[in-house]
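Hi everyone, thanks for coming. I'd like to walk you through one structure today, looking at a pocket and at some charged pairs. Let me put it up on the screen.

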Amino acid sequence: MNLVITMSRRFGTGASMIAEELSGKLGIPVYDRAYIENELHDSNYSDEAEVIRELARSACIILGRCASEILKDQPNAFNIYVCADKEDRIQRIMKKESLSHDEAKELIEKNDRARSEYYHSNTGKVWGDVSNYHMILDTSALGAENCADILIRYFERIEII
């Protein structure tokens, strides 16, 4: 199996938890912003896209960093977008970061703006446009705790794993 899962997400959706659970079930690594930036800094790569293409030579999960667009022509890449209702995201961030409602809301809005701007400046496309992904997971409707199992069952059904 050389499945590469890209996971774009809104801040506070629980996507990191889904990625970690998938990682454990599939036995593949998760790469995030910190890892990719560290690789770029410590190696001879010219940009993040080059790092992502190299990581995608083996089965893995890549969180964010426009990986869905960078790997769009790679047949083994499966692009997921994780979303949730804003109030659910606020509650998750309040609990995780011990913030007030207003502080969590402000943090979510700031992160969403930054991610949207980053995606647009690096791809010229609209962040979260459903046409850029194979699957959309709404953790408000599905429950973040169920999403990894949903993905595993889907991958088994289409015989990717």
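Let me start with a question for you: is arginine 57 buried or exposed? Have a look before I go on. Okay: arginine 57 is exposed, and its relative accessible area comes out at 61%. One thing to keep in mind is that we're looking at a predicted model here.

So who does this arginine pair with? Arginine 57 makes a salt bridge with glutamate 54, and their closest N and O atoms sit 3.9 Å apart. The cut-off for calling something a salt bridge is within 4 Å. Glutamate 54 itself is partly exposed, at 35% relative accessibility.

Searching the whole structure turns up 11 salt bridges, and I'll pick out a few.

Take lysine 125 and glutamate 69. Their closest N and O atoms are 3.1 Å apart, and they form a salt bridge. Lysine 125 is in the loop between H6 and strand S5, whereas glutamate 69 belongs to helix H4, so this pair ties together parts 56 residues apart in sequence. On accessibility, lysine 125 is partly exposed at 28%, while glutamate 69 is buried at 14%.

Now go to arginine 89 and aspartate 112. Here the salt bridge is 2.4 Å, N to O. Which parts does it connect? Arginine 89 is on helix H5 and aspartate 112 on helix H6, so the bridge ties together parts that are 23 residues apart in sequence. And both arginine 89 and aspartate 112 are buried.

There's also a network: Arg33, Glu37, Glu48 and Arg65 are joined by salt bridges that share partners.

The largest pocket has a volume of about 640 Å³. It's lined by 25 residues, and the ones closest to its centre are Arg9, Phe11, Ser16, Asn111 and Arg115.

Where does the lining come from? Strand S1 and helices H1, H5 and H6 each put in at least two residues. Helix H6 gives the largest share, with five residues.

Methods
Residues are numbered from 1 along each chain as its sequence is written. This is a predicted model: local features need pLDDT of at least 70, side-chain atom pairs count only at pLDDT 80 or more; totals for chains, interfaces and linings use all residues. Side-chain values use heavy atoms; hydrogens and water are left out. On a 1 Å grid over the protein atoms alone, a cavity is a set of points where a 1.4 Å probe fits but cannot get out, and a pocket is an open set with protein on both sides within 12 Å along at least five of seven lines; lining residues have an atom within 4 Å of a point. Grid points are joined across faces, edges and corners, and a volume is the space filled by probe spheres set on the points. Helices (H or I, at least four residues) and strands (E, at least two) are DSSP runs, numbered from the N terminus. A salt bridge is a side-chain nitrogen of Lys or Arg within 4 Å of a carboxyl oxygen of Asp or Glu. Buried means under 20% relative accessible area, exposed over 50%, partly exposed in between (1.4 Å probe, protein chains only).
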